[in-house]
Amino acid sequence: MPSQWKYGTKGCVSSYRLQSAKNDPRNNVNGDGKRSSKMYGKVIFSIGFLLLLVFSYSIFIGTVDFRSYFFPRHPLSPAGPRSACATGPPLKVYMYELPRRFHVGMMDHKSKIDDGAPVTAENLPLWPKNSGIKKQHSVEYWLMASLLYEGGGEEREVVRVLNPERADAFFVPFFSSLSFNTHGHNMTDPETEKDRQLQVDVIEFLSQSKHWQRSGGRDHVIPMTHPNAFRFLRQQLNASILIVADFGRYPKSMSTLWKDVVAPYVHVVDFFTDDEISDPFESRTTLLFFRGGMVRKDEGKVRAELAKILAGYDDVHFEQSTPTPRTIKMSTQGMRSSKFCLHPAGDTPSSCRLFDAIAIQPGYIVDQLRQFSKERWVKMWRQLKNISHHFEFQYPPKKEDAVDMLWRQVKHKLPSVQLSVHRSGRLKVPDWWQRTR
């Protein structure tokens, strides 16, 4: 067979295959291929548009704050954290009218005021001076007092509204921490039944409220700063905005930073107003100070170990004590004359690994503190002074004090809370496999 023929045959076969490939619909680039490309382009465009829409909506409702990523601010800077900036109009809060036995009635059992008499700014009792350790859990009292206060103008973070339909949030004035400290502190005696019954009554009252029913309690603010506050029925309030001190005794299924607000403890010692001295570092002759109970976490093993390794230092004061008006006064004087105050783990939070790691090294704490230069200490001292007003609970409330900042945080929680309320109210259509045939 001539070679030319072979070449031509191969050429014909190759041409046939090429022509067949062009006619194959699977390789139709000029037809269906272009339509497929257009379809993919539309899908990508739709996804991009949807993502842009979600991001824009998140910024609009306040759940995304891109400014904090591009304009960070140090939390201890003189200007304060970003949350210290103005946040628009005040939060409108409706406070339920509960009988006095649920709140201020527990502060003075000898009061002759009728249990049903409303609490006003004029008859609000002052927080007792000699209440001892109960004061650290009194956030509930200061929140209620701030709603009774009628001054402050537009600079306030919160105002009370008497019409619930105008409210952004609802405050439940039940002093659950004081109830535990008053009725259920021993947790086993018959007196604790009063604490449980008050909780039952509050739940029943809220369940009958149309405002609670409308939102499922999501827009209701309930203080629970004591770790044992509302301990019998707290799970029934899990949807609400809880004001807590920490999450140490809460299960993982309850209480989260997504909706709840962490409040600082109300300090038991008096506020130090005369702290403007020429040399604060040298005037504090004690290096490290601690006065408090010894039996806390893990039967007190951390504090007992600290007592051993801190013994024998002339400028270290470590003493076991119980909270009484006299010992609180002594603690006040001790803290004001010390450069550092020891803060070991108490009843909460639950982990004490950090303190265990420090305690196993004798001399470690004192050596580290002695390495602090005067300049570094004074800088830290001034930074603390710049933010100390954020931790003050007082009446009348002042701009950007502790109560003001708490209400500001509640306002920051509301967009996501309101979104959750809207989601729960949507029409729920069953999936196709759940429909009856």
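Predicted model: local features only at pLDDT ≥ 70, side-chain atom pairs only at ≥ 80, totals over all residues.

Analyst: Two strands count as paired if DSSP finds at least two bridges between them.

Let's start with the rings. The structure holds 14 aromatic pairs. One of them is F102 with F174: the ring centres are 6.1 Å apart and the planes sit at 75°, so this pair is edge-to-face.

F174 has another partner. Its ring and that of F230 have centres 5.4 Å apart and planes at 90°, so that pair is edge-to-face as well. F230 lies in the loop between β4 (220–223) and β5 (241–244), while F174 is in the loop between β3 and α5, so the contact ties together parts that are 56 residues apart in sequence. F230 is buried, with a relative accessible area of 1%.

Now the strands that flank those loops. β3 and β4 run parallel and are joined by 2 bridges, which meets the cut-off of at least two. Here F171 has V221 in β4 as its bridge partner. On to the next neighbour: β4 and β5 also run parallel, with 3 bridges joining them, and I222 is partnered with L242 in β5. As for side-chain directions, H220 and I222 point one way from β4 and V221 and P223 point the other way, yet all of them are buried.

There's also an aromatic cluster, formed by Y94, Y96, F170 and F205.

Two rings have a charge over the face. K339 lies over F281, at 4.8 Å from the ring centre, and R376 lies over F372, at 4.0 Å from the ring centre.

In α4 (residues 139–148), 10 of the 10 residues are buried, so the helix is largely enclosed by the rest of the structure. The buried set takes in aromatic residues Y141 and W142, and it also includes E140 and S146.

Terms used:
Residues numbered from 1 in each chain as written. Heavy atoms only, no water. Buried < 20%, exposed > 50% of the residue type's maximum accessible area, 1.4 Å probe, protein only. Helix = DSSP H or I, 4+ residues; strand = E, 2+ residues; numbered from the N terminus. Phe/Tyr/Trp six-rings, centres within 6.5 Å; stacked < 30°, edge-to-face > 60°. Lys NZ or Arg CZ within 6 Å of the ring centre and 35° of its normal.
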